[in-house]
Amino acid sequence: MTHQVRAVVARGKGAPVSLETIVVPDPGPGEALVKVEACGVCHTDLHYREGGINDDFPFLLGHEAAGVVESVGEGVTDVAPGDFVILNWRAVCGQCRACLRGRPWYCFSTHNAKQKMTLTDGTELSPALGIGAFAEKTLVAAGQCTKVDRTASAAAAGLLGCGVMAGIGAAINTGKVGRGDSVAVIGCGGVGAAAIAGSNLAGAAKVIAVDIDDRKLDTARKLGATHTVNSKDTDAVEAIRELTGGFGADVVIEAVGRPETYKQAFYARDLAGTVVLVGVPTPEMKLELPLLDVFGRGGALKSSWYGDCLPSRDFPMLIDLYLQGRLDLDAFVTETIALDEVEKAFERMHHGDVLRSVVLL
């Protein structure tokens, strides 16, 4: 049996997305069919549309989603029809060298659905990050479904599927922010704002938000920033040092992904401090630092993949904190939109008008 549903498809590099009918098969072994309730509009979807990931068009966009399992294939035991789940793009295999060393958040062989979703003419679709959730229903590997408390808002919960988890995880999992630490976050878009929320959640004593947009800095304050720096007018490194007694922050999270801001992060940390790169650079970017400075400053220079999260561990915990009122996921939802408004959401993203537009289905 197959299902014909509406979905957002990117057919060619840079071309506007279109709302089309696609064909979704029933789940096979190890797969799950999910009725999508909400899906955030992430920069990664825009990168797919613009050909910045690869050229495997047409793409079925959307990956930051929550919904309800409609049916499962043979051998699936972790989720069942009726479960409310957050979708993730790190369905750990349990068998690769990272998993066998007890580091499944680095899994090198994550699972996706084996069957392909298609256009009505049979053309195979490439689902964004192996998910493809700008659709009324999507087919994923069962391991991409993480069951959470049904009372959570789907619009808020789905954001843990990518950007919000990346930021919170960069602070808690990768940066290991602890009680009393000083933290600086450079770049306060969706991921950076989440890193601020994560640092606050971890008990940081001082959280310094750095951006060139006062609107984003205002949002950062609401999410727990104790200090803000507009680096359009002020030297970010000097400002962070001044706010930390001249030493620099214990942890600096770079959420932009540019060499210039990475250098700011490097020099804004305390001796033996930690730099976490969670912003995604483009292939042509190069970084040049004096090797003596790398040696002499000590500490750690880390990259954070998906917030080094383990969905089965982190998603339920963060949803519990959300339901307890200790993590304001609703603050990340700037607006809710219909499925046919994704292209307009991309335009608003370009202008920096939103933390997240969320499609409700």
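**Stop 1: D314 and R313**

Select D314. In this predicted model, D314 is buried, with a relative accessible area of 3%. Is R313 buried or partly exposed? R313 has 36% relative accessibility, so R313 counts as partly exposed.

**Stop 2: D308**

Stay with R313 for a moment, as R313 is among the contacts of D308. Select D308 next. D308 sits in the loop that runs between strand 16 (300–303) and helix 10 (311–323). Its relative accessible area is 5%, so D308 is buried.

Which side chain of opposite charge is nearest to D308? That is R90, at 5.0 Å. D308 has no salt bridge, although it is buried. A salt bridge needs the nitrogen within 4 Å of the carboxyl oxygen.

The side chains of D308 and T174 are joined by a polar contact of 2.8 Å. Then display the other contacts of D308 beyond four places in sequence: W105, Y106, N173, S303 and R313 join T174 on that list.

Check the backbone before you leave. D308 is not a glycine, yet its phi is positive, near 45°. Most residues other than glycine have a negative phi.

**Stop 3: helix 4**

Take residues 163–174, which make up helix 4. How many of its 12 residues are buried? The count is 11, and the helix is mostly covered. The buried set runs G163, V164, M165, A166, G167, I168, G169, A170, A171, N173 and T174. N173 and T174 are also contacts of D308.

What covers these buried residues? Colour these elements one by one:

- strand 5 (64–72) and helix 5 (190–201)
- strand 14 (249–254) and strand 15 (269–277)
- strand 16 and helix 10

The cover includes each of these. Strand 16 and helix 10 are the two elements on either side of the loop that holds D308.

Step past the end of the helix. Just after helix 4, K176 has a positive phi of about 50°.

**Stop 4**

Select L129, in the loop between strand 8 (126–127) and strand 9 (137–141). L129 is a residue other than glycine with a positive phi, near 50°. Its relative accessibility is 22%, so L129 counts as partly exposed.

Now go to P58. P58 lies in the loop between helix 1 (43–49) and strand 4 (59–60). Look at the peptide bond from F57 to P58: the bond is cis, with omega near 0°. Most peptide bonds are trans.

**Stop 5: R49 and E343**

Helix 1 also holds R49. Select R49 together with E343. They form a salt bridge, and the closest N and O atoms are 2.4 Å apart. This pair links distant parts of the chain: R49 is in helix 1, E343 is in helix 11 (residues 342–350), and 294 residues separate them.

Are these two partners buried or exposed? R49 is buried, with a relative accessible area of 8%. E343 has 19% relative accessibility and counts as buried too. The cut-off is under 20%. R49, E50 and E343 are linked in a network of salt bridges.

**Stop 6: D83 and K147**

Select D83 and K147. Their salt bridge has its closest N and O atoms 3.5 Å apart. This pair also links distant parts of the chain, 64 residues apart. D83 is in the loop between strand 5 and strand 6 (84–87), and K147 is in strand 10 (residues 145–147). D83 counts as buried, at 11% relative accessibility. The structure holds 14 salt bridges.

**Stop 7: the whole protein**

Clear the selection and zoom out. The protein has 11 helices and 18 strands. Its radius of gyration is 20 Å, close to the 21 Å that the globule rule gives for 361 residues, so the protein is as compact as a globular protein of that length. Along the principal axes, the C-alpha atoms fill a box of roughly 65 × 40 × 40 Å.

The accessible surface comes to about 15,400 Å², and carbon and sulfur atoms account for 50% of that. Buried residues make up 54% of the 361 residues. Among contacts with a separation of 6 or more, 69% join residues 24 or more positions apart.

Definitions and conventions:
Residues numbered from 1 in each chain as written. Predicted model: local features only at pLDDT ≥ 70, side-chain atom pairs only at ≥ 80, totals over all residues. Heavy atoms only, no water. Helix = DSSP H or I, 4+ residues; strand = E, 2+ residues; numbered from the N terminus. Buried < 20%, exposed > 50% of the residue type's maximum accessible area, 1.4 Å probe, protein only. Lys, Arg positive; Asp, Glu negative; His and termini not counted. Polar contact = N/O pair within 3.5 Å; in protein donor to acceptor, adjacent residues only side chain to side chain. Contact = heavy atoms within 4.5 Å. Rg over C-alpha atoms; globule rule 2.2 N^0.38 Å. Areas by Shrake-Rupley, 256 points an atom, 1.4 Å probe, with all protein chains shown as cover.
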